[in-house]
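Thanks for making the time this morning.

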Amino acid sequence: TKDKFFNYFITLILNENDPMKVEIIYKSLIADIKELANDNSSTCVIQKLIENVNEKHIEEIAEKLEANSNFEKFIGGKEAKNINHIFQALIKRQNKEKNDKIIEEIYPKFTLYAKDKYGCFIIQALLGNCSEKYYKMILEKTLEIFKELAEDKYGNYLINY
């Protein structure tokens with residue numbers, strides 16, 4: 001699954017959204033999902049798997065990817081680039097309580113995340129998938145630093161969103 005062309009083929013199968021095929025692919029990948037999530041060629045497959053997998057598997061995927069801890073991986077260099085789309089897909093599928101906890105963890109460094117090339121997209125995903133309380137927190141913090149974000153090359157994406 002680290003082969004670019006084979007991954008394209010797997011992505012096409014996942015696009016069919018056939019529950020039986022998705023389950024087979026899930027069972028084949030779950031043991032190595034953390035390693036694959038950091039591979040350029042496998043990122044799209046993992047993202048598509050998260051979008052199509054049965055609801056009961058979302059928590060296991062999040063656990064294997066350590067998605068609800070160590071949020072520094074959302075920002076910065078190569079690792080953030082590879083895993084960003086995967087975490088956005090996961091945030092959209094997991095329950096709001098888990099996303100609320102992510103917001104609690106990253107909130108003290110909100111400006112850092114909001115002005116990061118990849119962090120700003122994580123905040124956008126969280127905005128659409130959190131409880132009302134945390135939605136308001138993000139909006140208030142965004143308004144508090146509005147000018148700073150509007151003038152930042154990545155922060156302005158959050159403003160536009």
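Tyr107 sits in the loop between helix 7 (96-106) and helix 8 (110-114), where helices are DSSP runs of H or I with at least four residues, strands are runs of E with at least two, and both are numbered from the N terminus. What I am showing is a predicted model, in which local features need pLDDT of at least 70 and side-chain atom pairs count only at pLDDT 80 or more, while totals for chains, interfaces and linings use all residues. Residues are numbered from 1 along each chain as its sequence is written, and side-chain values use heavy atoms, with hydrogens and water left out.

Coming back to Tyr107, its relative accessible area is 25%, and it is partly exposed; buried means under 20% relative accessible area, exposed means over 50%, and partly exposed is what falls in between, with a 1.4 Å probe and protein chains only. Once residues up to four places away in sequence are set aside, Tyr107 touches Met137 and Lys141, contact being heavy atoms within 4.5 Å. Between Tyr107 and Tyr134, which are 27 residues apart in sequence, the C-alpha to C-alpha distance is 9.8 Å.

Thr142 belongs to helix 10 (residues 132-144). Is Thr142 buried or exposed? With a relative accessible area of 10%, Thr142 is buried, and, leaving aside neighbours within four places in sequence, it is in contact with Phe110, Leu149, Leu158 and Ile159.

Thr43, in helix 4 (residues 43-52), is likewise a buried residue, at a relative accessible area of 8%. Its side chain reaches the backbone oxygen of Asp39 at 3.0 Å; a polar contact here is a pair of N or O atoms within 3.5 Å, where within protein one must be able to donate a hydrogen and the other to accept it, and residues adjacent in sequence count only if both atoms are side-chain atoms. Beyond neighbours within four places in sequence, Thr43 is in contact with Leu36, Ala37, Asn82 and Ile86.

Let me turn to Arg93, which is placed in helix 6 (residues 78-93). Which backbone oxygen lies 2.6 Å from a polar atom of the side chain of Arg93? That oxygen belongs to Ile50, and Ile50 is also among the residues that Arg93 touches, together with Glu51, Asn52, Val53, Asn54, Glu55 and Ile58, residues up to four places away in sequence not being counted. For Glu55, 38 residues from Arg93 along the chain, the C-alpha atoms of the two are separated by 7.9 Å.

Now to helix packing. Helix 1 and helix 4 pack at an angle of about 10°, with their axes 9 Å apart; axes are lines fitted to C-alpha atoms, for helices over the stretch in contact, and angles run from 0 to 180 degrees between N-to-C directions. The two helices, helix 1 and helix 4, are therefore roughly parallel to each other, given that angles under 35 degrees count as roughly parallel, over 145 as roughly antiparallel, 65 to 115 as roughly perpendicular and the rest as oblique. On the helix 1 side the contact is made by Asn7, Ile10, Thr11, Leu14 and Asn15, and on the helix 4 side by Cys44, Val45, Lys48, Leu49 and Asn52.

With helix 2 (19-29), the axis of helix 1 comes within 8 Å and crosses at roughly 140°, and helix 1 and helix 2 are therefore oblique to each other. Here Ile10, Ile13 and Leu14 in helix 1 meet Lys21, Val22 and Ile25 in helix 2. In the loop between these two helices lies Asn17, which has a positive phi of about 55° although it is not a glycine, and which is partly exposed at 42% relative accessibility.

I will finish with the aromatic rings. How many aromatic pairs does the structure hold? There are 3, with rings of Phe, Tyr and Trp (its six-membered ring) pairing if their centres lie within 6.5 Å, and planes under 30 degrees apart counting as stacked, over 60 as edge-to-face and the rest as tilted. One of them joins Phe6 and Phe9, whose centres are 6.2 Å apart with the planes at 40°, so the pair is tilted. Phe6 and Phe9 are 3 residues apart in helix 1 (residues 4-15), separated by about one helical turn.
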